[in-house]
Amino acid sequence: VNQQTQTITFGALTAKTFGDAPFTVSATGGTSGNPVTFSSSDNSIATCTGTNGSTITIVGSGSCTINANQAGNLNYSAATQVGQLLTVGQQAQIITFDALAAKTFGDAPFTVSATGGTSGNPVTFSSSDNSIATCTGTNGSTITIVSGGSCTIYANQAGDVNYSAATQV
């Protein structure tokens, strides 16, 4: 008498973004009574915890496979592993940088600040025309007026593996 085969049904996973809340996956298996268990092909992108590994926690951006398995027993063979691709995109960053007041040639250097995303990367500043105003000091946040005229002070925040670069303001 041969063991009965088992088949796992595990649907496709939707794309996620770094920073999304943990989510639960489910799959159906054969009739052995053994649970379907889940694992990640890359624990630097997603981990599987909770009951049978069904709670997926995103820990980085990139792609990995979430695998579903069901063990066999005396009467049932182990099910063939089924994997679904999980794609985790970078989290967006947004800079908030308030408008600057008009200045007069001869005014003292002044400091600007802006808030950015949660990557921990600093917001940095630059001038569109260094012959009018320069950006020096920590992350370019000290603005020195060099001559009369108009220029734009830009705020930037770099991205990294988990966060996309913020749109320049």
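Predicted model: local features only at pLDDT ≥ 70, side-chain atom pairs only at ≥ 80, totals over all residues.
**Entry 1**
I started with the sheets. A quick reminder to myself: strands of a sheet pair through backbone hydrogen bonds, either parallel or antiparallel. I found an open sheet of 4 strands, and its order reads E1-E7-E6-E3 with mixed pairing. At its edges I noted strand E1 (16–17) and strand E3 (36–40), each pairing on one side only. I then followed E3 to its partner, strand E6 (residues 62–70), and the two pair in the antiparallel sense over 5 bridges. I looked up Thr37 too, and its bridge partner in E6 is Asn69.

**Entry 2: the three-stranded sheet**
Next I looked at an open sheet of 3 strands, ordered E2-E5-E4, with antiparallel pairing. Strand E2 (23–24) and strand E4 (46–49) are the edges here; each has a single partner strand, so one side of each has no neighbour in the sheet. E4 is joined by 4 bridges to strand E5 (residues 55–58), and these two run antiparallel. I checked Thr49 and found Thr55 of E5 standing opposite.

**Entry 3: Gln84**
Is Gln84 buried or exposed? I got a relative accessible area of 18% for Gln84, which makes it buried, because the cut-off for buried is under 20%. What lies 2.6 Å from a polar atom of the Gln84 side chain? I traced that to the backbone oxygen of Phe10. Leaving aside neighbours within four places in sequence, I listed the contacts of Gln84 as Phe10, Gly11, Ala12, Leu13, Cys64, Thr65 and Ile66.

Key
Residues numbered from 1 in each chain as written. Heavy atoms only, no water. Buried < 20%, exposed > 50% of the residue type's maximum accessible area, 1.4 Å probe, protein only. Polar contact = N/O pair within 3.5 Å; in protein donor to acceptor, adjacent residues only side chain to side chain. Contact = heavy atoms within 4.5 Å. Pairing = 2+ DSSP bridges.
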